[in-house]
Amino acid sequence: MNQVMRALFAPGFFASDPVHAALVVGAVVALVTGAVGVFTVIRGQAFAGHALGEVGSAGGSAAFLGGANPLWGFMGIAIVAAGLIELLGLHRPRARDVATGLVLGAGLGLAALFLYLDATSSSTTGVTVTILFGSLFAVSQQMLPSIVALSAVSLLVMAVCYRMLLLSSLSSDLAAARGVPVRAIGIVYLVIMAVAVSLAAETIGAILATALVVGPPATALRLTKRPGGALVVAGLIGVAAVWLGIVLAYDSYYWPPAGHGWPVSFFVVALVFLFYLAAGALTGIAQARRSRRWETAPRLAASGCAEHPGDAA
Amino acid sequence: MVNTWIAATLVAVIAGVVGFFVVLRGAAFVAHAIPHGAFGGAAGAVLIGVNPIAGLGVFAVGGALGIGWLGRRGRHDVATALALVLMLGLGALFLSFSVEYAAAIYSLLFGEVLGVPSDELLPIAGLGIACIAALAVLYRPLMLTSIAPDVAEARGVGAQRIETGFLLVVALAATMTVPVVGVLLMFSLMIGPAATAGSLTRSPRNAIALSVLLALATVWLAVAVSYLTYLPVGFFVGTLGALSYGGARIWTARRRGRTAPV
């Protein structure tokens with residue numbers, strides 16, 4: 001038993017403070033992005049989700065320049081960007097796509113400027129890499145209270161308008177007919193997503209923020225049809241990917257090339273991707289078996305459109 | 001500096017033409033994801049000591065094919081996001097093994113005015129010609145599947161094959177433009193001028209021409225100002241793109257307001 005444990009967890013895993021912080025912060029962020037991300041996937045806003053995380057890095061680098069806490073920089077810019085996307089995007093999906101792209105472009109341009117100024121003013125050239133790629137092991141424990149508080153607030157807001165959000169995400173026409181303020185809900189949701197994604201981007205890097213807000217929810221929506229269940233499954237898949245990734249990254253210190261740990265972002269992203277593919281294969285097998293059983297019956301369910309509830313919108 | 005001008009001009013023409021179709025198809029996410037993800041390939045090429053452009057090309061084409069394949073089974077934007085993060089995750093892995101550090105990465109990400117050696121001009125021009133040729137062949141089916149997908153299907157145009165072809169064109173364009181403008185802002189050069197042109201004129205041919213002109217103006221201005229101020233090219237490209245679109249939207253809105261019957 002002991003030997004198995006030692007093979008799985010490299011020595012010192014449970015005694016290391018950075019690992020503790022990474023496990024806790026990673027779990028909190030994965031739960032929030034998983035829950036928020038289910039709606040991101042249903043609403044088809046993966047691009048916006050990714051853009052907000054990347055644009056946040058402009059705020060992060062500006063805050064670094066001014067000596068402020070980067071978290072507020074990340075969040076402030078992300079919320080402004082969310083407002084701009086909503087304002088420019090109108091209702092047509094293609095205009096929305098272009099608006100998101102332009103806001104992302106402007107944000108990245110600002111990030112380029114601030115990062116350049118950061119690098120020249122402080123001569124710590126590693127800033128570019130840290131802000132863009134982040135690292136779970138660099139999370140400080142002091143950040144924990146504000147991370148938990150912000151996560152709780154965004155989950156609470158989502159819980160309050162859950163039914164309206166769900167209805168307007170699945171069918172905005174139906175929601176409008178039933179008196180749901182679709183536009184306002186859209187803005188509220190975009191702000192929640194901005195908070196969740198920039199929180200994730202600040203703590204674990206922009207790559208992982210995108211991976212967690214899209215990957216686990218998309219996987220969950222392949223596995224279960226019920227939105228409520230998908231919220232929970234997405235959170236669990238996210239936590240599993242992050243924790244497994246941390247264990248592997250810690251163990252990788254003993255892999256070739258010796259004495260050099262592999263980045264944790266790589267492991268988490270690879271796991272998220274594998275889970276998504278595996279879920280697709282699973283549902284594919286299940287569907288094939290079902291259709292074989294109903295070989296003689298008319299193929300009503302063969303369209304498979306239930307997998308993408310948002311496609312109709 | 002002369003090399004940069006030539007390269008920047010080539011880049012602007014390609015970005016203007018490809019960008020028109022990107023905006024038409026609402027494919028901004030793909031146009032962002034392919035060059036950005038290809039950065040991982042450049043990092044890998046640097047690690048094994050190959051020309052970064054080769055790495056960019058391999059990852060860009062691989063990413064395009066991957067997005068096309070995944071997008072057939074699931075949602076397109078989800079597929080794009082996952083392909084992007086996977087490529088970037090690999091990039092993070094390669095970077096961590098590589099001793100090449102911040103400066104080289106920074107110029108790949110955000111562009112470099114003086115970063116174009118003479119021997120890179122020929123491949124850039126070659127890729128550009130390939131891009132334009134592919135778009136000329138694809139022009140009619142691409143327009144049809146973008147504007148009227150139902151009609152295209154009825155006439156037997158394979159939407160999926162056209163989509164894959166289009167993704168490959170974006171990958172080609174990404175590979176050639178990245179060394180000048182940088183992976184992060186390359187897509188901004190595709191979207192900004194094309195979206196501005198699209199909001200000013202309705203005719204596709206005029207829109208393409210206007211988009212190329214605006215892209216040229218954007219890049220020339222960005223390169224000149226960047227050369228004078230030493231600030232990154234990407235900053236000017238990104239902000240100019242957003243500003244010109246914002247300006248065009250305000251102008252058309254005001255003109256419409258003036259001509260509309262009261």
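Helix 6 of chain B, residues 121-147, bends by about 60° at B:Tyr139, and a proline, B:Pro141, follows within four residues. The bend at a residue is the angle between axes fitted to the seven residues ending there and the seven starting there. Helices (H or I, at least four residues) and strands (E, at least two) are DSSP runs, numbered from the N terminus. The buried residues of helix 6 of chain B are B:Ile124, B:Leu127, B:Gly128, B:Cys131, B:Leu135, B:Leu142, B:Thr145 and B:Ser146. A residue is buried if 20 or more other C-beta atoms lie within 10 Å of its own, exposed if 12 or fewer, and partly exposed in between, with C-beta atoms placed from the backbone.

The model is predicted: local features need pLDDT of at least 70, side-chain atom pairs count only at pLDDT 80 or more, and totals for chains, interfaces and linings use all residues. Residues are numbered from 1 along each chain as its sequence is written, while chains are lettered from A and ligands numbered from 1 in the order in which they are written.

### The two chains

Chain A has 13 helices and zero strands. Chain B has 11 helices and zero strands. Of the 313 residues of chain A, 50% count as buried. For chain B, the buried share is 57% of 262 residues.

Two residues are in contact if their C-beta atoms, placed from the backbone, lie within 7 Å. In chain A, 74% of the contacts between residues at least 6 apart join residues at least 24 apart. In chain B, residues 24 or more positions apart account for 76% of the contacts with a separation of 6 or more.

### Helix pairs

| Pair | Angle | Axis distance |
|---|---|---|
| Helix 2 and helix 3 of chain B | about 135° | 7 Å |
| Helix 2 and helix 4 of chain B | about 20° | 8 Å |
| Helix 2 and helix 12 of chain A | roughly 150° | within 8 Å |

Axes are lines fitted to C-alpha atoms, for helices over the stretch in contact, and angles run from 0 to 180 degrees between N-to-C directions. Angles under 35 degrees count as roughly parallel, over 145 as roughly antiparallel, 65 to 115 as roughly perpendicular and the rest as oblique. A crossing is left-handed if the near helix is turned anticlockwise from the far one by less than a right angle, and right-handed if clockwise.

Start with chain B. Helix 2 (residues 28-48) and helix 3 (residues 52-73) of chain B pack at an angle of about 135°. That makes helix 2 of chain B oblique to helix 3 of chain B. The crossing of helix 2 of chain B past helix 3 of chain B is right-handed. Their contact divides into 16 nonpolar, six polar and no charged residues. Ala, Val, Leu, Ile, Met, Phe, Trp, Tyr, Cys and Pro count as nonpolar, Asp, Glu, Lys and Arg as charged, and the others, Gly among them, as polar.

Helix 4 of chain B covers residues 76-97. Helix 2 of chain B and helix 4 of chain B are roughly parallel to each other. Helix 2 of chain B passes helix 4 of chain B in a left-handed crossing. In helix 2 of chain B, the residues that meet helix 4 of chain B include B:Phe29, B:His36 and B:Leu47. Helix 4 of chain B brings residues including B:Asp77, B:Met87 and B:Phe94. By class, this contact of helix 2 with helix 4 of chain B has 14 nonpolar, six polar and one charged.

In chain A, helix 2 and helix 12 are roughly antiparallel to each other. Helix 2 of chain A passes helix 12 of chain A in a right-handed crossing. The contact includes A:Gly34 and A:Val38 of helix 2 of chain A, and A:Ala234 and A:Trp243 of helix 12 of chain A. The contact of helix 2 with helix 12 of chain A has 18 nonpolar, six polar and no charged residues.

### A:Ala234

A:Ala234 sits in helix 12 (residues 227-251) of chain A. A:Ala234 is buried, with 30 other C-beta atoms within 10 Å. Beyond its neighbours within four places in sequence, A:Ala234 is in contact with A:Gly34, A:Ala35, A:Gly37, A:Val38, A:Pro216, A:Pro217 and A:Ala220. A:Leu223 is 11 residues from A:Ala234 in sequence and 9.8 Å away in space, C-alpha to C-alpha.

### Between the chains

The contact takes 41 residues from chain A and 44 residues from chain B. On the side of chain A that touches chain B, helix 5 of chain A gives the most, with 15 residues. By class, that side of chain A has 25 nonpolar, 14 polar and two charged residues.
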